[in-house]
Amino acid sequence: QVKLVESGGGLVQPGESLRLSCASSGVAFSINTMGWYRQAPGKQRDLVATITSGGSTNYADSVKGRFTISRDNAKSSVYLQMNSLKPEDTAVYYCNADGRSIRGSDFSSWGQGTQVTVSS
């Protein structure tokens, strides 16, 4: 299993940028897909972006062209560059990692979340 810790959230004005980081710790045989999800008050948790260990990415339609996900496999870390932020991007952002433990079982780990607020 791995532990994930997000950082980089905050309060910004519309049109500004933020960069989220997610650092992992612990031992795993492999970490495959890493990603970012978000949950606004009263809504379900939705996918924002994912990236595989090979670098293939997937984005929600609402963030395409504005957000960029990247990954450092050596550090088992994932990042989310968010540009041209909108009020509707306001949510708690969660980091996720799917992988296989050294015992051979699959796991899916979540971070504790970081708040992103976009408001004038």
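What follows is a working chat about a predicted model of one protein chain.

Trainee: How many helices and strands are there in the chain?

Mentor: Keeping in mind that the model is predicted, the chain has zero helices and eleven strands, and reading along the sequence gives the pattern β-β-β-β-β-β-β-β-β-β-β.

Trainee: And what radius of gyration does the chain have, next to that of a compact globule?

Mentor: The chain has 14 Å, and since a compact globule with 120 residues would have a radius of gyration near 14 Å, the value agrees with that expectation. Taken along the principal axes, the C-alpha atoms of the chain fill a box of roughly 50 × 25 × 20 Å.

Trainee: What share of the residues count as buried?

Mentor: Of the 120 residues, 39% count as buried, while the chain exposes about 6,300 Å², of which carbon and sulfur atoms supply 47%.

Trainee: What about contacts between residues 24 or more positions apart?

Mentor: Among the contacts in the chain with a separation of 6 or more, residues 24 or more positions apart account for 55%.

Trainee: Changing topic, how many positive and negative side chains are there?

Mentor: There are 12 positive and 9 negative side chains in the chain, and the centres of these two sets lie 4 Å apart.

Trainee: Which cysteines form a disulfide?

Mentor: The count comes to one disulfide, formed by Cys-22 and Cys-95, whose sulfur atoms are 2.1 Å apart. Cys-22 lies in strand β3, residues 18-26, and Cys-95 in strand β9, residues 91-100, so the pair ties together parts that are 73 residues apart in sequence.

Trainee: Is that disulfide left-handed or right-handed, and why?

Mentor: The disulfide is left-handed, because the torsion about the S-S bond of Cys-22 and Cys-95 is about -80°.

Trainee: Are the two cysteines buried or exposed?

Mentor: Cys-22 and Cys-95 are both buried.

Trainee: Now Thr-50: where is it found, and is it buried or exposed?

Mentor: Thr-50 is found in strand β5, which covers residues 46-51, and Thr-50 counts as buried because its relative accessible area is 13%, below the 20% cut-off for that class.

Trainee: Which residues does Thr-50 touch?

Mentor: Leaving aside residues up to four places away in sequence, Thr-50 touches Thr-33, Met-34, Gly-35, Tyr-37, Ser-56, Thr-57, Asn-58 and Ile-69.

Trainee: What separates the C-alpha atoms of Thr-57 and Thr-68?

Mentor: Those C-alpha atoms are separated by 9.0 Å, with the two residues eleven apart along the chain.

Trainee: Last one, Gln-44: where is it, and is it buried or exposed?

Mentor: Gln-44 is found in the loop between β4, residues 30-39, and β5, and at 59% relative accessibility Gln-44 counts as exposed. Once residues up to four places away in sequence are left out, Gln-44 touches Arg-38 and Gln-39.

Trainee: And how many Å apart are Gln-44 and Asp-72?

Mentor: From C-alpha to C-alpha, Gln-44 and Asp-72 are 28 Å apart in space, and they are 28 residues apart in sequence.

Conventions
Residues numbered from 1 in each chain as written. Predicted model: local features only at pLDDT ≥ 70, side-chain atom pairs only at ≥ 80, totals over all residues. Heavy atoms only, no water. Helix = DSSP H or I, 4+ residues; strand = E, 2+ residues; numbered from the N terminus. Rg over C-alpha atoms; globule rule 2.2 N^0.38 Å. Buried < 20%, exposed > 50% of the residue type's maximum accessible area, 1.4 Å probe, protein only. Contact = heavy atoms within 4.5 Å. Areas by Shrake-Rupley, 256 points an atom, 1.4 Å probe, with all protein chains shown as cover. Lys, Arg positive; Asp, Glu negative; His and termini not counted. Charge placed at Lys NZ, Arg CZ, Asp CG, Glu CD. Disulfide = S-S within 2.5 Å.
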